[in-house]
Amino acid sequence: MSFVTPAFFLFLPAVLALYWLVPWQRRWLVLLPASLFFYAWHNVWLLGLIALTIVVSYASAIAVEQAPTRRQKRRAVALGAAVCLGVLFLFKYLDFTLEGVFALAGLLGVESSFSGFHLLLPMGISFYVFQTMSYTFDVYRGAVPAQRHLGYYALFVSFFPQLVAGPIERPGDLLPQLRQPHVPSWGDALEGCRLLARGYGKKVLISDYLAPFVDRAYGGEEMGGAALAAATALFAVQIYCDFSGYSDIAQGCARLMGIRLTDNFRRPYAASSIRDFWRRWHISLTGWFTDYLYIPLGGSRRGLGRQCVNILVVFLVSGLWHGADLTFVVWGGLHGLYLVGETLLFRRGGPASPLGKGVHRGVTLVLVWFAWIFFRADCLSQAGGIIAAIFTRPRPAALLTDLAMTGPEGASFLIYVPEGSLDRYRRDYFWQAYASYLQPDSYLQPDA
């Protein structure tokens with residue numbers, strides 16, 4: 001089920017009514033079936049997949065806690081992680097890996113007609129697999145005790161507000177909240193409604209409105225570089241409003257139950273550096289990779305060279321996490337190179353930058369915008385063609401004509417919108433929201 005389907009607008013009030021009617025000790029008996037129903041709305045067989053990851057990680061954590069030696073604890077962790085990652089690999093990366101193998105074999109003269117298995121990618125699998133792994137790792141590190149109540153643990157993994165699009169919750173944050181005796185609060189109700197309104201505004205009024213324009217611009221039509229650059233800039237707005245809108249809706253749904261989820265976005269396009277951008281963009285994923293990949297690899301403790309390698313590894317893996325395609329790998333690699341460059345130029349103790357914060361923000365925005373080309377492109381050759389068009393045939397004079405080619409969304413959004421129409425409301429809402437997210441805030445921190 002999706003947050004933007006009519007069924008969800010019936011599902012959520014029904015769940016909230018039952019949740020607040022039953023005693024707090026039995027609320028998990030409402031939320032767990034509701035979450036599984038939410039997940040199985042389109043494909044019932046997906047319940048077996050999420051059940052497998054739940055049972056394996058649940059048993060693995062108990063085995064870790066009960067193992068008498070550190071070696072046995074590591075084996076239990078490795079086994080649980082291998083099963084969860086194996087499920088993720090099978091459904092998300094098997095075809096990508098085989099395509100790479102057969103492409104390499106073709107270069108060596110070995111031909112194959114294999115076209116892949118084309119397995120259906122289960123929704124939310126990247127999110128709940130990482131959530132189960134963080135739980136097992138935290139039990140191994142002693143950060144949280146192993147959860148003996150299978151029902152509460154299953155709810156932690158499948159909690160419907162954050163199941164499909166995050167945020168990736170830590171067990172120490174969400175598990176205790178699921179067992180607390182929440183009471184109805186006007187403050188929670190108002191904040192939940194505010195988050196829902198903001199999330200649906202971003203998703204429906206901005207992201208869904210921009211999507212057809214961006215899709216047509218990236219659809220292969222012959223367009224000038226200026227129009228493609230504008231489409232890429234609007235894709236940056238589209239993906240932010242889509243992803244952060246879903247996060248706002250998730251937070252709003254949970255807040256109506258008295259549960260607080262992690263903030264996942266904090267005005268990322270106001271960032272003054274790439275490091276600052278990743279403190280603001282998809283915060284729960286950045287924290288996950290920092291705690292469970294970057295630090296175990298050695299972080300910055302083993303010298304500057306090793307730190308740069310670790311940064312590149314983390315961002316290449318992050319790119320793959322977002323999608324099984326070379327375009328995502330390049331997108332992640334670009335951000336890794338950006339951050340390595342920042343580390344070398346402005347590392348602690350080095351010379352201070354003579355540029356002002358406004359210039360830093362502008363440069364950061366351009367770098368992020370450029371990387372989005374690879375994220376949105378269907379393949380590397382398309383990304384290369386778009387970049388070539390932007391820099392070699394900008395055709396600024398043909399900008400309006402090219403935008404009109406993309407359909408009414410591009411024309412009405414960027415050229416003319418009738419006074420008083422819904423399109424005008426959408427346009428004004430977009431600019432107000434976008435401008436508000438570029439205002440200075442107190443979240444900026446010195447680069448660590």
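**Salt bridges, a pocket and a surface patch**

Arg 376 and Asp 215 form a salt bridge, in which the closest N and O atoms are 2.6 Å apart. The term denotes a side-chain nitrogen of Lys or Arg within 4 Å of a carboxyl oxygen of Asp or Glu. This pair links distant parts of the chain, since Arg 376 belongs to helix 15 and Asp 215 to helix 9, 161 residues apart. Helices here are DSSP runs (H or I, at least four residues), as strands are (E, at least two), and they are numbered from the N terminus.

The model is a predicted one: local features need pLDDT of at least 70, side-chain atom pairs count only at pLDDT 80 or more, and totals for chains, interfaces and linings use all residues. Residues are numbered from 1 along each chain as its sequence is written, and side-chain values use heavy atoms, with hydrogens and water left out.

The two partners may next be described by their accessibility. Arg 376 is buried, with a relative accessible area of 16%, whereas Asp 215 is partly exposed, at 39%. Buried means under 20% relative accessible area, exposed means over 50%, and partly exposed lies in between (1.4 Å probe, protein chains only).

The structure holds 13 salt bridges. Another of them joins Asp 291 to Arg 170, with 3.0 Å between the closest N and O atoms. Asp 291 lies in helix 12 (residues 283-294) and Arg 170 in the loop between helix 7 (160-163) and helix 8 (171-178), so the pair ties together parts that are 121 residues apart in sequence. Asp 291 is partly exposed, with a relative accessible area of 26%, while Arg 170 is buried, at 18%.

A salt bridge may also lie within one helix. Asp 276 and Arg 280 meet through their side chains at 3.1 Å, N to O. Both residues are in helix 11 (residues 274-280), four residues apart, which is about one turn of the helix. Asp 276 counts as buried at 1% relative accessibility, and Arg 280 counts as buried at 0%. Elsewhere, salt bridges that share partners join Arg 198, Lys 202 and Asp 248 into one network. Lys 202 and Tyr 240 are 38 residues apart in sequence, and their C-alpha atoms are 8.6 Å apart in space.

Where is empty space left? Rolling a probe the size of a water molecule over the atoms shows this. The largest pocket holds about 780 Å³ of space. On a 1 Å grid over the protein atoms alone, a pocket is an open set of points with protein on both sides within 12 Å along at least five of seven lines, whereas a cavity is a set of points where a 1.4 Å probe fits but cannot get out; lining residues have an atom within 4 Å of a point. Grid points are joined across faces, edges and corners, and the volume is the space filled by probe spheres set on the points.

Of the 29 residues that line the largest pocket, Phe 127, Asp 242, Phe 243, His 322 and Phe 375 are the closest to its centre. Two or more lining residues come from each of helix 5 (125-141), helix 10 (225-255), helix 13 (304-322), helix 14 (326-345) and helix 15 (357-376). Helix 10 gives the most, with six residues. The lining divides into 18 nonpolar, six polar and five charged residues. In this scheme Ala, Val, Leu, Ile, Met, Phe, Trp, Tyr, Cys and Pro count as nonpolar, Asp, Glu, Lys and Arg as charged, and the others, Gly among them, as polar.

Arg 267 has a phi near 45°, a positive value in a residue other than glycine. It lies in the loop between helix 10 and helix 11 and counts as partly exposed at 23% relative accessibility. His 282 also has a positive phi, of about 45°, although it is not a glycine. This residue is in the loop between helix 11 and helix 12, and at 0% relative accessibility His 282 counts as buried.
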